[in-house]
Amino acid sequence: MLLARQQALRSSLPKFAAGHIRRTFTSPAKHENAGEIESFIVHSTDMKNTGPAPTSFTVPVHTLSSEESVQSVDLPPNVFGVPVRPDILHRVVVWKLACLRRGTGSAKTRGEMVGSKAKLGNQKGGGRARIGNNRTPVRRGGGTAFGPKPRDFSYNLPKKVRLLGMKCALAAKFAQNKLVILDNFNIPTVKTNQLHKTLKSKGWDNVLFVDGAETSPYFYLASKNIPDVTLLPQGRANVYDILRRKYLVLNLESLDHLIKRVNGELPTVSKRAARAKNQRRKKAEYKSKKSVAEAIPEATTEAASE
């Protein structure tokens with residue numbers, strides 16, 4: 001399957017891109033699971049069943065509580081109409097999974113094992129093979145030769161490749177009619193059962209919700225215990241999470257953010273500033289969700305007393 005997919009891609013792309021696909025897909029030393037990742041991308045984007053390119057880029061905006069359309073938006077063709085490139089998606093997914101690796105695996109070498117360093121027997125005259133101390137890797141309970149050590153698996157991927165990968169992921173969902181636009185994610189209660197019934201009635205059994213700059217507290221509490229349902233703020237939306245879910249649901253704020261992001265219209269920040277901003281965001285979300293969780297029992301008590 002991998003070889004057939006590679007040949008089909010090479011015949012439809014320029015020579016420089018075909019050479020890159022050959023290096024990316026057939027490098028077992030760097031990507032031992034390249035076949036699994038390629039199968040995941042083909043299954044996620046449904047490349048075999050993708051029809052002709054869409055001609056209309058006007059989509060309706062629905063509400064979470066009903067199927068009625070409240071308005072319509074025009075999607076930019078330069079984002080949602082680009083050709084889906086599996087080779088670009090492969091590069092971005094491999095890069096994302098490599099950055100997610102913690103790299104904490106560690107094995108003790110012979111120098112780190114506990115035990116004596118004394119030689120167990122004479123070099124000659126014993127009638128047996130030469131032998132050193134009991135910490136050598138060839139003995140039971142000894143150290144590990146060439147074992148794993150903590151390391152950083154992340155690497156840099158060109159910005160243009162990352163942005164093109166996001167465009168291809170959005171275009172794939174739009175071409176499959178798996179992209180839904182909602183006005184907002186506000187719900188009146190934090191009951192998981194009610195939200196689960198709403199999602200089941202819409203057929204969203206495997207869905208990714210991308211909220212605005214901050215996730216809705218009620219929606220977060222109601223959806224976090226539903227399997228195969230993921231909620232992300234707009235800043236954490238990525239190609240891997242978009243492809244691993246069947247449906248992609250955006251609101252108007254996150255849609256505008258993603259369009260500006262893939263077009264390079266957002267200001268760039270340093271890694272240190274982004275890390276500090278992410279820490280402040282997590283603290284603010286924790287405080288807001290904690291206050292909401294504390295307010296829920298009080299509201300329930302007041303309703304019961306009335």
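The structure is a predicted model.

The chain comprises 11 helices and 6 strands. Of its 306 residues, 38% count as buried. Among the contacts in the chain with a separation of 6 or more, 72% are accounted for by residues 24 or more positions apart.

A disulfide is a covalent bond between the sulfur atoms of two cysteines. A search of the whole structure finds 0 disulfides. Cys 99 has a relative accessibility of 34% and therefore counts as partly exposed, a class that lies between the limits of 20% and 50%. Cys 168, in contrast, counts as buried because its relative accessibility is 0%, and buried means under 20%.

Helix H6 spans residues 159-175 and contains Leu 164. With a relative accessible area of 28%, Leu 164 is partly exposed. Apart from its neighbours within four places in sequence, Leu 164 is in contact with Arg 85 and Ile 88. Val 84 is 80 residues away from Leu 164 in sequence, yet the C-alpha atoms of these two residues are 9.4 Å apart in space.

H6 also packs against helix H10, which covers residues 252-262. The axes of the two helices are 9 Å apart and form an angle of about 140°. H6 is therefore oblique to H10, since an angle would have to be over 145 degrees to count as roughly antiparallel. On the H6 side, the contact involves Leu 163, Met 166, Lys 167 and Leu 170, which meet Leu 258, Arg 261 and Val 262 of H10. The residues of this contact comprise 5 nonpolar and 2 charged residues, with no polar ones.

The buried residues of H10 are Ser 254, Leu 255, His 257, Leu 258, Ile 259 and Val 262. Several elements contribute to their cover, including H6 and helix H4 (77-80). Strands also take part in covering these residues, among them E2 (69-74), E3 (179-182), E4 (207-210) and E6 (247-251). Just after H10, Gly 264 adopts a positive phi of about 70°.

In helix H5, which comprises residues 86-100, Leu 97 was considered in the same way. Leu 97 counts as partly exposed, its relative accessibility being 25%. Leaving aside neighbours within four places in sequence, Leu 97 is in contact with Ile 37 and Tyr 240. Leu 97 and Ile 37 are 60 residues apart along the chain, and their C-alpha atoms are separated by 9.9 Å.

Backbone angles at two loop positions complete the description. Most residues other than glycine have a negative phi. Asn 177 is not a glycine, but its phi is positive, at about 60°. This residue, Asn 177, is placed in the loop between H6 and E3. Asn 177 is exposed, with a relative accessible area of 67%. Asp 228 likewise is not a glycine and has a positive phi of about 60°. Asp 228 is found in the loop between helix H8 (217-223) and strand E5 (229-232). With a relative accessible area of 39%, Asp 228 is partly exposed.

Definitions and conventions
Residues are numbered from 1 along each chain as its sequence is written. This is a predicted model: local features need pLDDT of at least 70, side-chain atom pairs count only at pLDDT 80 or more; totals for chains, interfaces and linings use all residues. Side-chain values use heavy atoms; hydrogens and water are left out. Helices (H or I, at least four residues) and strands (E, at least two) are DSSP runs, numbered from the N terminus. Buried means under 20% relative accessible area, exposed over 50%, partly exposed in between (1.4 Å probe, protein chains only). Contact means heavy atoms within 4.5 Å. A disulfide is a pair of cysteine sulfur atoms within 2.5 Å. Axes are lines fitted to C-alpha atoms, for helices over the stretch in contact, and angles run from 0 to 180 degrees between N-to-C directions. Angles under 35 degrees count as roughly parallel, over 145 as roughly antiparallel, 65 to 115 as roughly perpendicular and the rest as oblique. Ala, Val, Leu, Ile, Met, Phe, Trp, Tyr, Cys and Pro count as nonpolar, Asp, Glu, Lys and Arg as charged, and the others, Gly among them, as polar.
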